[in-house]
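Biologist: Please put the structure up, and then we can go through it by question and answer.
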Amino acid sequence: MSAVTALRVEDLHVYLGESHVLQGVSFSVAKGGVTALLGRNGVGKTTTLRALMGLVPRTRGTVEVQGENVTRLPTHAIVRRGVGYVPEDRDVFAGLTVEENLRLSERGGDGRYDLVYDLFPELRERGRQRAGTLSGGQQQMVAIARALLNDNSLLLVDEPTKGLAPLLVTEVAVALERAAELATTVLVEQNLGVAQRVAQHVVVLDGGRVVHEGTAAELFASPERVRELLGVHGGHN
Amino acid sequence: MEATISTFVLLTITGLGLGAMYFLVASGLSLIYGLMGVLNFAHGAFITFGAYVAWWITDQIGGSFEVRLLVGGACGLAFGAALGALVELVFIRPLYRRPVEQVLVTVGLALALGALVYGIWGADAKFFPIPDWTLDTTTILGANIPNDRFVEIGVAAVVLVGLIALLRFTRIGLVIRAGVENRAMVTALGIDVRKTFTLVFAIGGSLAALAGVLSGVYYGNVDPVRGTSLLIYAFIVVVIGGFGSIGGSAVAAVAVGLVQQYANFYVADWLDWSGAGDVSVMLLLASVLLLRPEGLAPKVAH
Ligand SMILES: Nc1ncnc2c1ncn2[C@@H]1O[C@H](COP(=O)(O)OP(=O)(O)OP(=O)(O)O)[C@@H](O)[C@H]1O
Ligand SMILES: [Mg+2]
């Protein structure tokens, strides 16, 4: 099992302030493909990704990346094990140019600029523009590009289509499909159309725990189950 | 009329000379706060210690005043850098993610290091070896300007250009600028930002020491409270200039130096009141805080 496991999370507990947000989250992600991490608003999806990255203190639990225990490693060391992170709020460096944002994220000096500019040609044209002056969609491209620039084995992507116009949603979905060919991807996505399109596996959070794990096809085949787990109408968007 | 102009020129260049020292202290403070969120009260001790080490070396070696000053100054700077790095590694790093404790530790260090200076060198001022030519004057628009002012202004200008080049053209500078914006995201790109913390403390320590050495040239001596008095103005400069902004610090340092000089002369002359310079600086601070609470520059290192 461990040879083909890209990510294993065991009994993860996180407190934010007084609230016990993650109450023993456990799931595994096999190598390859896209796993959608789903759940209602405020259920702890972002917190889960941040905890995997070592960006919030974990009180209990184990995180393994490619079979290696990274629970006690600092964030930068986890990333250097081949983890790319696209945060919920994009978090591009507003005062840096697009090109500087990319250069900063380059590890080891041979960034995959061809791939990134092929996916997002706009970024090449806007290399000298300050990231803070970009549109939300363009900032999202920078955020995804930063994660794709390195040869990562695991990508953690948090709501990449949030707040984007339909055309951009499609562009981002295409990029995610391409990214998934290169690295195992864990995708938090509220747009179920996108999740259904790109994901093969689903993990659903509720009440601080995983309440469902399975294939995407099986979950999305049952609108009742989708409604029950996510509190929304499933199916096509 | 000519006397009026020459007085104004003298005040302006003296204000710039003071501003130069404020800038050297403020730029380090500002980078440290911008990157790490730590208000470093120990910065004053870097100033004082740097100046004393420089003086002590000049006292140990022979040669012309210039050589002694250069060698002593270089040693003072190196000591300031080492002290800064040491403080970060030993006291700040273990308190990572606990900013209140970090600030308290710097206050404690400021007191302890201040006491150490008294213990080692006593309370009396120590005289710097000042080359004669720095005491001579150059006449500009009728004003006789002591030459040391040009040294202070020139050194600060070189440091300003150097810092801007560091921030703009180097990988370290890129990491610092990004870290000032969002430290967590820098680590999420796989960068060990703690190395940058140590480096920024070392840079801040050496620039503070440089300010201490230049103050020795400006005043002709160094005393145990030198760091504390410069630090107060530097804090004001950082607040006015915007935390994390080198350009903002430079502009604010010049503004504070000039306002202080002009007010000390013109208002004091007019009202026969000697506290005018400090009160004017406070008024400047208050008006910037009211009009632009984030300081002159946004929180971006540039
Ligand atoms: N700093 C904090 N202190 C206390 N509680 C917090 C903090 N940050 C988030 N929370 C709470 O933790 C819970 C989980 O938040 P999280 O952002 O992980 O949810 P999410 O599933 O990503 O939500 P969304 O779908 O809105 O993105 C929420 O109820 C939120 O209110
Ligand atoms: Mg979220």
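Modeller: The buried residues of H3(A) are A:Val98, A:Glu100, A:Asn101, A:Leu102, A:Leu104 and A:Ser105. Keep in mind that this is a predicted model.

Biologist: What covers the buried residues of H3(A)?

Modeller: Of the 8 residues of H3(A), 6 are buried, so the rest of the structure largely encloses the helix. The cover includes elements of chain A and of chain B. From chain B it includes helix H6 (148-169) and helix H7 (171-181), and from chain A helix H4 (113-119), helix H5 (121-125) and H6.

Biologist: H6 of chain A includes A:Gln140. Is A:Gln140 buried or exposed, and at what relative accessible area?

Modeller: A:Gln140 is in helix H6 (residues 136-148) of chain A. Leaving aside neighbours within four places in sequence, A:Gln140 is in contact with A:Val86, A:Arg90, A:Glu159, A:Pro160, A:Leu164 and A:Val172. Buried means under 20% relative accessible area. A:Gln140 is buried, because its relative accessible area is 0%.

Biologist: A:Arg90 is among those contacts. What is the phi of A:Arg90?

Modeller: A:Arg90 is found in the loop between E6 and H3 of chain A. With a relative accessibility of 13%, A:Arg90 counts as buried. Although A:Arg90 is not a glycine, its phi is positive, at about 70°.

Biologist: What is the radius of gyration of chain A?

Modeller: Chain A has 10 helices and 10 strands, and its C-alpha trace spans about 45 × 40 × 35 Å along the principal axes. Of its 237 residues, 54% count as buried. A compact globule of 237 residues would have a radius of gyration near 18 Å, and chain A agrees with that, at 17 Å.

Biologist: What is the radius of gyration of chain B?

Modeller: The secondary structure of chain B comes to 12 helices and 4 strands. Its C-alpha atoms fill a box of roughly 60 × 50 × 35 Å along the principal axes, and buried residues make up 53% of its 302 residues. The globule rule gives 19 Å for 302 residues, so chain B is as compact as a globular protein of that length, with a radius of gyration of 19 Å.

Biologist: In chain B, how far apart are the mean positions of the positive and negative charges?

Modeller: Chain B exposes about 12,500 Å², of which carbon and sulfur atoms supply 71%. In chain A, which exposes about 10,000 Å², carbon and sulfur atoms supply 48%. The mean positions of the 25 positive and 28 negative charges of chain A are 4 Å apart. For the 15 positive and 17 negative charges of chain B, the separation is 19 Å.

Methods:
Residues are numbered from 1 along each chain as its sequence is written. Chains are lettered from A and ligands numbered from 1 in the order in which they are written. This is a predicted model: local features need pLDDT of at least 70, side-chain atom pairs count only at pLDDT 80 or more; totals for chains, interfaces and linings use all residues. Side-chain values use heavy atoms; hydrogens and water are left out. Helices (H or I, at least four residues) and strands (E, at least two) are DSSP runs, numbered from the N terminus. Buried means under 20% relative accessible area, exposed over 50%, partly exposed in between (1.4 Å probe, protein chains only). The radius of gyration is taken over C-alpha atoms; the globule rule is 2.2 Å times the number of residues to the power 0.38. Accessible areas come from the Shrake-Rupley method with a 1.4 Å probe; for residues, only the protein chains shown count as cover. Lys and Arg count as positive and Asp and Glu as negative; His and the chain ends are not counted. The place of a charge is taken as NZ of Lys, CZ of Arg, CG of Asp or CD of Glu. Contact means heavy atoms within 4.5 Å.
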